[in-house]
Amino acid sequence: MKNVKKLMLMSVAFLSLAATGCSGGNNQNTSKEPERDPNEVSVFFLSGQSNMEGNSGTSGLADAFTELGFEDYDEISQGMKTVQVSTYMCGYGQLDKNNLTNNRSVHATNTENQIAGKFVDAKPGLGTSDTKMGPEFGAAYALKDAATEENPVFFIKMASNGSGFAQSGTDYNWPVKDDQGNFPEVSLYNTFAKPFFENNLKLIEDMGLKPVVKGWLWHQGESDCAAEKIPVYAQRLGDMVAQLREDFASYARDEDGENIAFIDGMVYQGEGTAWTTPNLMNAEKQKFADSAENNYLVDIYANEEQIPANELKPGNPGGDSMHYNTKSSLRLGMAYGQIILDNGLLDL
């Protein structure tokens, strides 16, 4: 049972978690749950467009940590071994469905065979270049103490800048069903994300570990912020999430794809936004989050009295008119991680 539908960003300090224990006495529960495989590890997929890819500069991270009251940047910037990350991403116009091994202009952790994947310690520079980052870094920071080096949390990120559900003149959309209810053979999900996820799950198995897919972190919508695209956004998103839950059910807890959480993030709708009607897009995102128990939404406008609506925003330092600044990208990633922690998704 999840505790919250939206994450309240209530202060710039990261909230610590209190552990709860069981009381003793004569009313102890003697029933035993099935023993969990000691080699089991939690896996999260990450997808979307450029703010998920990572277009926030890393040069200001030390200052962002100081502003947020964190004192361990020098240590964690060298890499967090308890969270492992594999990436494969590019602009949809640059992807080549006929050359998955070594696409042009793709930034990936495996530079020799990009679609094969390669895990590295979570660190700055896993965005669109070695000097950029996305929310994976903040999410890793939130989860770093919830795993061990022997059984880390794994992030598998396939994202594509400029991508959407209704891009004209290209095959590289996220899936949209045709009139017969079929998904296209070529799409960002079917052609790139799904095989990349599968390849990385195999890499985890080759380590002698048992991967369990716990969730899909999603940040996309800017490219679909248009009056003619928004009305069917929640349906298209739902179709794709259902497909992923079916495709990866065998890796889910109890082999039930509905146990794979979907964690979405709102798009920026404050002053100076570079796209149209983001408020309508966020309403569709909320609609989808409300449609199922295991859907979640990072609501960056949840508590405007304590955090101004424009504080988590694009722009400088570290971003631009379409991409989150450095501190905002860090905090956005932490918000994803906090939803994972608050709702016990590591334990599903």
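## Strand β3 and its partners

Y88 stands opposite M158, a residue of strand β7. This pairing belongs to a predicted model, and it is one part of the contact between β3 and β7 (residues 153–159), which pair in the parallel sense over seven bridges.

In β4, H107 is the residue opposite M89.

How much of β3 is buried? Nine of the 10 residues of this strand (residues 80–89) are buried, so β3 is largely enclosed by the rest of the structure.

## The whole protein

The protein has 348 residues, and 55% of them count as buried. Its secondary structure consists of eight helices and 10 strands.

Among contacts in the protein with a separation of 6 or more, 75% are made by residues 24 or more positions apart.

## Helix α4

Helix α4 covers residues 135–143 and is mostly covered, with nine of its nine residues buried. The buried residues in α4 are P135, E136, F137, G138, A139, A140, Y141, A142 and L143.

## Helices α2 and α8

Helix α2 (residues 61–68) packs with α8 at an angle of about 65°, and the two axes are 9 Å apart. The crossing in which α2 passes α8 is right-handed.

Which residues make the contact? From α2 they are L61, A64, F65, E67 and L68, and from α8 they are T326, K327, L330 and R331. By type, the residues of this contact divide into five nonpolar, one polar and three charged. As background, residues three or four places apart in an α-helix point the same way, because such a helix has 3.6 residues a turn.

## The loop between β10 and α8

The loop between β10 (295–298) and α8 (326–342) holds L312. Is L312 buried or exposed? L312 counts as buried because its relative accessibility is 2%, and the cut-off for buried is under 20%. In sequence, L312 and G270 are 42 residues apart; in space, their C-alpha atoms are 9.3 Å apart.

P317 lies in the loop between β10 and α8 as well. The peptide bond from N316 to P317 is cis, with omega near -5°.

Most peptide bonds are trans, and most residues other than glycine have a negative phi. Two residues with a positive phi are described here.

D254 is not a glycine, yet its phi is positive, at about 60°. D254 is placed in the loop between α6 (233–247) and β9 (261–265). With a relative accessibility of 67%, D254 counts as exposed.

T277 is also a residue other than glycine with a positive phi, in this case near 40°. The loop between β9 and α7 (278–289) is the place of T277. Its relative accessible area is 28%, so T277 is partly exposed.

Conventions:
Residues numbered from 1 in each chain as written. Predicted model: local features only at pLDDT ≥ 70, side-chain atom pairs only at ≥ 80, totals over all residues. Heavy atoms only, no water. Helix = DSSP H or I, 4+ residues; strand = E, 2+ residues; numbered from the N terminus. Buried < 20%, exposed > 50% of the residue type's maximum accessible area, 1.4 Å probe, protein only. Axes fitted to C-alpha atoms, helices over the stretch in contact; angles between N-to-C directions. Left-handed = near helix turned anticlockwise from the far one by under 90°. Contact = heavy atoms within 4.5 Å. Nonpolar A, V, L, I, M, F, W, Y, C, P; charged D, E, K, R; others polar. Pairing = 2+ DSSP bridges.
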